[in-house]
Amino acid sequence: MARQLAMVIDATKCIDCKACVAACKVANKVPEDQWRNWIKHENEVPRVGAAGGGKARFQPGACMHCDNPTCVAACPTGATYKDAENGEVVINEGLCIGCGNCIPACPYGARFRNAEKRKADKCNYCPERRAHGLEPACVDTCPTKARVFGDINDPQSEAGRLYLANKDRLKRVAALTDTKPNMYYLGDLGPEAWGGEAVVPASMVAMKQSAPLIKGIVALSGLGVLAMLGRQLLAGSDHKEDGDA
Amino acid sequence: MPDSNQKLSRRDFFKASGLIAAGAMGGPALLGGLRTAQAAPKAPAWTSGFSACDMCFNKCGLIARVEDGVLTKLDPNPKFLKSRGMLCARGNAGISHVYDPDRLKHPLLRKGARGEGKWQRIPWDEALDMAAEKMAAVRRDYLPCGHLFSAGSDLQSQFVGRLAEVYGSFNITSHESLCLVSNSRAFLDTFGEVPFADVLHSKYIIMAGANRFEALVTPDSMDLMTAMREHGCKLVTLDPRYTKTAALSDEWYPIRPGTDMAFMLALAHVIIGEKLYDAQWIAEKTYGIEQLTEHVKQYTPGFAAEQCGIPAEDIARIARELAAAAPTSMVYPGRRSSDYEDSTQIRRSFAIVNGLLGNWDRPGGLLAARAVGLKGVPYDAPWYDENHEDRIDAETVPMMFEHEGSFMVTRDAVLADDPYKIRGWFIYKTNPMATAPNRKKTIEMMNKMDFITVVDIAMSDTAWFADLVLPSQSYLERTDPCSGLQGSSACACVVKRDPLIEPLYESRPLFDIVKGIAGRLDLGEYFDFTMQEFRTRQLAGLPGAEEILDRDGVYYNPSKVYGIYDGRVYKTLSKKVELYNQRYEQMGIDPLPVYTPPAKVPANQFRLVIGRNALVTQGSTANNGLLHQFVPENTLWLNPEPAERLGIADGDLVEVSSAVGRQSLKAEVTDKIRSDTVYMLTGFNSLSTMQHLAHGNGASIAEVLDGKYDTVTGNAALHQTFVTVTRKVA
Amino acid sequence: MQRKLMLLAASALVMFMTVSMAFALGDGNGRKGKFLYRKNCRTCHNGATAKDLSPADMTQAEWKATFADMSKIKCSGDWTVSEEDVNDIFTYLHDYAKDSPSPAKCS
């Protein structure tokens, strides 16, 4: 079976300390006030005494590297693709023209336009760290080890072990568009269905539906021009000093 | 999981089917030829080095990644058991601390009035000459004890103590009397030492006066989650706020602030009244059960219910559950106990319940300190016969810790010149202007000084009012002594720090600074060593430790965790756990905690409580560029009921005023706080304009809080201030 | 109890017989005692010549008992300090004993 890198998360362990969010920002030099990952809240309504309802839940999340990635379909240049080997949804920055089509195409709001690079950005499971044999920054730094990362198809990995052992109770965040996310929560995940609707430009859909080749040609031929134009227009226009530079 | 497809409109359906079609035709494989255009990312050419974090007091083991001489990432050291291999948001933000554009860059000499912000850059030699000259002048004019020394929590702070002692002053204060000395006092005076809570193995924990899932303490915070999630530990939290700890607890009670002692004494009442304790253990290991039995008769659950606002039946049930889980249960001792004027006695009531549970020195209970094996490096300070006999803060409170002092008592004594004058102040890495209540008084105290030298990494408010400001190095730029740490059952270990990057600007380590000053005062012989030599002496009893430190970033000295006191006597007067404290009796202090109801909140006022969270370490993080993005300002938590009465909406600018000061900040209208209490985070609104993110941002607790202190230890009492809250018209 | 009484009696006897010990132990200058201890005692009690000593090695009662009969302190014959100094040293050791309100930390 092909590899599928994924996260298996125990949301009941999350204390909402934001260590994962901070670690991600530093590891990936995410610009000021932009974020690749998050912690969602639920049930934070005070409940007094023993008779109260369920505990509050804090749900860590990020790009879910979906099996049906609507963002891929929205990308006009092929910069965003689902990696066949590892199952990651990858952004090839060299091809990204910063058009922003993919941003509303993600029902989980995982994507944004990097304010400095002017390219699409999101969680990429920290490939530079993995090349060093390290876990993604958010996983490595987590105080309660709520996030477990790895190949869920590999029963030898911790993620695979958790995935296989808990298959019946694993949950995913539901969205109006089912993108088959690869972020699994053990049991109580807190907010369950906050995902929105994937909004993909109709032109992209039509193009892909009718003549997939056209897209390829357009992408290839227009690529250089678009990339140059994109850089001219966007790069460095209101560039901010990074806080940690 | 809801079936989202059922909710799709026709338009959605078109889109969705289009996507599915695209997917069926190959989707991602569509541009397969381009997929390899991006080569697999290369491993960055970083070098890695061990250190210990300094973004709060916990000292978590870390691994720094450095590329081309620049720090790019701080990661947890997985071999560091005390922190359970984690690094929190502040730890990650260490990089923003080191590269903060507002860092002090060179020595600065004050030119205008104190606090005016006019500075002149001077060379280091001139700065050290001046510091030494002024210190010599203070010693000449006011005796050696006429100079005050203050140092915060830091591996090099011991050298401030050494400088003070060889210079001739015993007036040294730490940050601890603005934080936790009353808690240390209470547990020391009950068990003979300050315990470590074995949270990991506990089955039932009462958390009062502590917020472990937000105010992180290693390994307690992580262990608490593991205990709850994997060992079925029950957590009961008492807090006037619905903190994240409260939100994750099995039970939460919004206790009336200042009544925790009534709750604890009622627990004792039930446990003793219903004989729920281990009679043999109590007889063998404790002193004073008879007196305690008599004393707690008056503190029924019904009495406590009226005081605390917690139902009597819940109090009784919790007492029974706690006792049933004993000895693997505890009242969590907590840490910051700078809250009330009787905070030592409040924490004594916590300690006494633990005594009744028989959890001392046992799994899931309170653990004794383990020796790490580091050696002290002795020195022979000269004797100054001309000095006054005692500290300036001596004898105001009966049980101050000699080596910590009391900042609050010291400040009063300095202002009154009683019993003598203090006119010089050397301060390293502590910021009483931001942490001590009643900032106006701290300013007065600073105005009283002939000369103040501050060594810090940033222009803190304390530095802002100094005469000479010397830039110190961050924890990642310097060589530090070894330090022994204990983490509950996790470890007793040694850490050290080595420079991981070249020091920025003209910054110097504190050690070099005090060495330079001492040399100029003809006291150079007391600093006649290098840091490496110092460490070698510290590690003399631990052969091979240095190599292990270099290899793992941490050295463990395995030792017994439980039953340390088997066959040994406790370090108390009675040689037992002192439920009843004999020394207190001798000294005229209540030998058993006597409950006094807290002052009633006056009409139309609120009790102000303060705290921190996992993203804030008081004033030292308010200017951190990364953490600022998480907590851009502090807000005033205000319950919706009084908010409506006062016409205050969420986000409105409000003025908070007390008897000593006023501040403005945004209201956060929330039902996560009692209606008689308001709350704000510490660390915001610095006066120093050289803290761009902290200056003029939010509200300063120090300006509003009243300057009371614990009558036993002199620990600041930060929860005894009443404030009015009014909406500010823009 | 009996042992305690005997100890008390013995110490009273010593006090009585030693003319130079006319004043009671305690209430000395502990701060000066620390200086005198470092100067006079630590030269040997350094972990090499004689064992390392800290006030926190004993309880206040144990320090009292030790100093009650100084002839039992092996090195006392070599002491060159005055009685007042001995009292200051005792005060230092006693006031920072392991069961004291401020137990000594290392060095």
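What follows is a list of stops, chain by chain.

Before you click, note that this is a predicted model: local features need pLDDT of at least 70, side-chain atom pairs count only at pLDDT 80 or more, and totals for chains, interfaces and linings use all residues. Residues are numbered from 1 along each chain as its sequence is written, while chains are lettered from A and ligands numbered from 1 in the order in which they are written.

**Stop 1: chain A**

Select chain A, and you'll find 8 helices and 10 strands. Both kinds of element are DSSP runs, numbered from the N terminus: helices are H or I with at least four residues, strands are E with at least two. Of the 245 residues in chain A, 51% are buried. Here, buried means that 20 or more other C-beta atoms lie within 10 Å of the residue's own (12 or fewer is exposed, in between is partly exposed), with C-beta atoms placed from the backbone.

Now pick out strand E8, residues 147-151 of chain A. It is largely enclosed by the rest of the structure, because 4 of its 5 residues are buried. Two strands count as paired if DSSP finds at least two bridges between them. To see one facing position, show A:Ala6, which sits opposite A:Gly150 in E8(A).

**Stop 2: chain B, the overview**

The mean for chain B is 94, and 94% of its residues reach 70 or more. Residues 1-37 of chain B are where pLDDT stays under 50.

Next, colour by domain: domain 1 of chain B is 47-98, domain 2 is 196-367 and domain 3 is 606-727. These bounds come from an automatic or database domain assignment. Taken over C-alpha atoms, the centres of domain 1 and domain 3 of chain B are 29 Å apart. Their contact takes 8 residues from domain 1 of chain B and 9 from domain 3. Contact means C-beta atoms, placed from the backbone, within 7 Å. On the domain 1 side, helix H2 (89-92) and helix H3 (94-98) of chain B each give two or more residues.

**Stop 3: a sheet and a helix in chain B**

Select the open sheet of 4 strands, ordered E11-E10-E9-E13 in chain B, with parallel pairing. Its edge strands, each pairing on one side only, are E11 (251-253) and E13 (329-331) of chain B. Zoom in on E10(B) and E11(B), which pair in the parallel sense over 3 bridges. There, B:Thr237 has B:Trp252 in E11(B) as its bridge partner.

Then show helix H7, residues 220-231 of chain B. Its buried residues include B:Met222, B:Leu224 and B:Met225. Strand E8 (196-197) and strand E10 (234-238) of chain B are among what covers the buried residues of H7(B). Just after H7(B), click B:Gly232 to find a positive phi of about 70°.

**Stop 4: chain C**

Finally, select chain C, which has 4 helices and 0 strands. Of its 107 residues, 29% count as buried. Where does chain B come in? 16 residues of chain B are in contact with 14 residues of chain C.

Methods: Contact = placed C-beta atoms within 7 Å. pLDDT = per-residue confidence, 0-100.
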